[in-house]
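Here is a short briefing on one protein chain. Read it with the structure open beside you.

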Amino acid sequence: MRPDMLQIEPAFLQYPDWKGHSFLREEVAKFLSHYCCSPKPLKPKNVSVFLLIQHQYAILIPSPFYGVITEDVGLYSSVKLHHVPLYSQVPTGSDVRPFQLTVEKLENSLKEAKKEGLNIKALILLNPHNPLGEVYSSEEMISFLEFAKMHKLHVIVDEIYMLSVFNETDTFHSVLSLDGFPDPQRTHIMWGVSKDFAMAGMRVGMVYSENRDLVQALDQLGCFHGVPGPTQYQMAQLLRDRDWLNSEFLPENRRRLREAHSFMTEELKKQDIPFLHRSAGFFIWADLSKYLREKTFAEELSLWRCFLKHKVLLSCGQAFSCVSPGWFRIIFTDQLHKLKLGLSIAHFHFSSCILVVSPMEWDKM
């Protein structure tokens, strides 16, 4: 709302460089260099402000994953997403936590895809992860990138929650902080302002890639996805205000995230509801399977509808391609009185009566 954010220049009203105005790409490069702890300055020419792959190819993606990715890919082509299933149970072997991604699982899924006749060309990684809230270590990310290099796969790394890690004991390591990528020409990083700055309405995202062919391809798509000049100016103003971001916005935002997360997890503990205790993003991945009459996705959908009928909006696991029914994503980033209201409604309608209603009555609730 500051006056210096509201500026219109003649150049903003003309067709721009579709990759974005140079002043914004320069600020994005500086911003990512700083907050991603890049060992050397990132180059503005590698930035595109705003998909890849032809229709006969497929992409590996660990599941559960943010469901809109399926639509994002499908809108452009008939590219198939081949899931790498992650499970809630911790099996014997290298796994030490639920829903853990490992190179072994990537290898197995790649073999399965080839048996199905799929030509896998890329791997999508979400870090921090949506909906799990997982933050991968540098060692894990390097191992995933090495796997991709071995099989000549492009890697699309979505880091849109990189500044929304709110536990001081957990540290996010961007792939841009690595001292070089195993395969620079096939590694592409995405970030945007919608999550970390709570500005989803601005619709501004960025891609950083050293692959000139990819950057030029994105340039060709720019006429469909170009960001308006005044918006680019506002984003550049925001990103360059490092003092305000570091001293006011980011500390306060993380404090609020921490406070809301703590409140919600304590309430889940009181209800004896299992959940993944993670410290990134806006959500908690919780296991509500004890409220299902039987552990099926049909029952999961029935429970979701029951929540929705009583004005409580959760996201069911099947929307994220989760392989185990009963998992739900709970958004905790709201004002405390709204969280309390939602919990009281959910508690009244479900915890107090779920064990005494008949199956037919449950469907009527």
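The points below cover salt bridges, a charged patch, an annotated region and some backbone details.

This is a predicted model, where local features need pLDDT of at least 70, side-chain atom pairs count only at pLDDT 80 or more, and totals for chains, interfaces and linings use all residues. Residues are numbered from 1 along each chain as its sequence is written, and side-chain values use heavy atoms, with hydrogens and water left out.

**Salt bridges**

- Side chains of opposite charge can pair when their charged atoms come close.
- A salt bridge here is a side-chain nitrogen of Lys or Arg within 4 Å of a carboxyl oxygen of Asp or Glu.
- By this rule, the count is 15 salt bridges.
- One of them joins E140 and R97, at 2.6 Å from N to O.
- This pair links distant parts of the chain, 43 residues apart. E140 sits in helix α4 (residues 138–150), while R97 is in the loop between β3 (80–85) and α3 (103–115).
- Helices (H or I, at least four residues) and strands (E, at least two) are DSSP runs, numbered from the N terminus.
- E140 is buried, at 15% relative accessible area. R97 is buried too, at 17%.
- The cut-offs are these: buried means under 20% relative accessible area, exposed means over 50%, and partly exposed lies in between (1.4 Å probe, protein chains only).
- A network of salt bridges links R97, E134, E140 and R278.

**Pairs along helix α8**

- R256 and E252 form a salt bridge, with their closest N and O atoms 2.8 Å apart.
- Both residues lie in helix α8 (residues 242–270); they are four residues apart, so about one helical turn separates them.
- R256 counts as exposed at 53% relative accessibility. E252 counts as partly exposed at 28%.
- E259 and R255 also meet in a salt bridge, at 3.4 Å from N to O.
- Again the spacing is four residues in helix α8, so about one helical turn lies between E259 and R255.
- E259 is partly exposed, at 46% relative accessible area. R255 is partly exposed at 35%.

**A positive patch**

- K40, K43, K45 and R212 form a positive surface patch.
- A patch of this kind takes residues with over 30% relative accessible area and no salt bridge, and joins like charges within 9 Å.
- Lys and Arg count as positive, while His and the chain ends are not counted. The charge is placed at NZ of Lys or CZ of Arg.
- Accessible areas come from the Shrake-Rupley method with a 1.4 Å probe.
- K45 lies in the loop between α1 (22–35) and β1 (47–49). K45 is partly exposed, with a relative accessible area of 46%.

**An annotated region**

- An unreviewed UniProt entry places a "coiled-coil region" at residues 96–123. Such annotations may be inferred rather than shown by experiment.
- In the model, residues 96–123 are 46% helix and 14% strand. The end C-alpha atoms of this stretch are 23 Å apart.

**Backbone details**

- S63 and P64 are joined by a cis peptide bond, with omega about 10 degrees. P64 lies in the loop between β2 (58–63) and α2 (68–74).
- The peptide bond from N130 to P131 is cis, with omega near 20 degrees. P131 is in the loop between β4 (120–126) and α4.
- K152 is a residue other than glycine with a positive phi, near 55 degrees. K152 lies in the loop between α4 and β5 (154–158), and counts as exposed at 57% relative accessibility.

Technical notes:
Patches are made of residues with over 30% relative accessible area and no salt bridge: like charges are joined within 9 Å, nonpolar side chains (Val, Leu, Ile, Met, Phe, Trp, Tyr) within 5 Å.
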